[in-house]
Amino acid sequence: MRVQKKRLRDSMKCMREALVSSSSEFYEKAAEQIRLNFLAYFKGLSPTIIAGYQPTLYEASPLLLLDALAAQGHSIAYPRVVGEGVPLTFHEHEPGDALEVGPYNIQQPRAASRQIVPDILIIPLLAFDCEG
């Protein structure tokens, strides 16, 4: 089962890469649609702590959404990889704060940034089927 899951994951990554590579307009429209859908669904949400992520090359970008949420008074957090096998920590991130390259070449907050516990997590998704 594990080998089958890896093959499926690799296949989905290739499909996503091909889709995003074929049209930068698609990537930009997807980011805008993520923003619009989230803001419509959570309209009137009281200020809270929302964790997002810095997208890698072919991941859908939540950055427009995170900027909009910060402008509405929400606190934004990004994950920080502490070490292999260690749970992620989340650190406060203000627009314009410097990030550093962490393990797996992922942009993450600096260690000195304030650790916070998010109420909502926005995470990248590769694929899903009818069974989840």
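**Packing around helix H3**

The buried residues of H3 (residues 63–71) are covered by elements that include H2, strand E1 (49–51) and strand E2 (75–80), where buried means under 20% relative accessible area, exposed over 50% and partly exposed in between, with a 1.4 Å probe and protein chains only. Helices (H or I, at least four residues) and strands (E, at least two) are DSSP runs, numbered from the N terminus. The model is predicted, so that local features need pLDDT of at least 70 and side-chain atom pairs count only at pLDDT 80 or more, while totals for chains, interfaces and linings use all residues. Residues are numbered from 1 along each chain as its sequence is written, and side-chain values use heavy atoms, with hydrogens and water left out.

The protein contains three helices and six strands, arranged along the sequence in the pattern α-α-β-α-β-β-β-β-β. Of its 132 residues, 27% count as buried.

In H3, the buried residues are Leu 65, Leu 66, Ala 68 and Leu 69. These residues lie on the same side of H3, because they cover an arc of only 160 degrees around the axis, the arc being that of the directions from the helix axis to the C-beta atoms. H3 is followed by Gly 73, which has a positive phi, near 100 degrees.

The axes of H2 (residues 24–41) and H3 come within 7 Å and cross at roughly 40 degrees, which makes H2 oblique to H3; axes are lines fitted to C-alpha atoms, for helices over the stretch in contact, with angles from 0 to 180 degrees between N-to-C directions, and angles under 35 degrees count as roughly parallel, over 145 as roughly antiparallel, 65 to 115 as roughly perpendicular and the rest as oblique. In this contact (heavy atoms within 4.5 Å), Ala 31, Glu 32, Ile 34, Arg 35, Phe 38 and Leu 39 of H2 meet Leu 64, Leu 65, Ala 68 and Leu 69 of H3.

His 93, in the loop between strand E3 (89–92) and strand E4 (99–101), is buried, with a relative accessible area of 9%. Neighbours within four places in sequence aside, His 93 is in contact with Ile 76, Ala 77, Tyr 78 and Leu 99.
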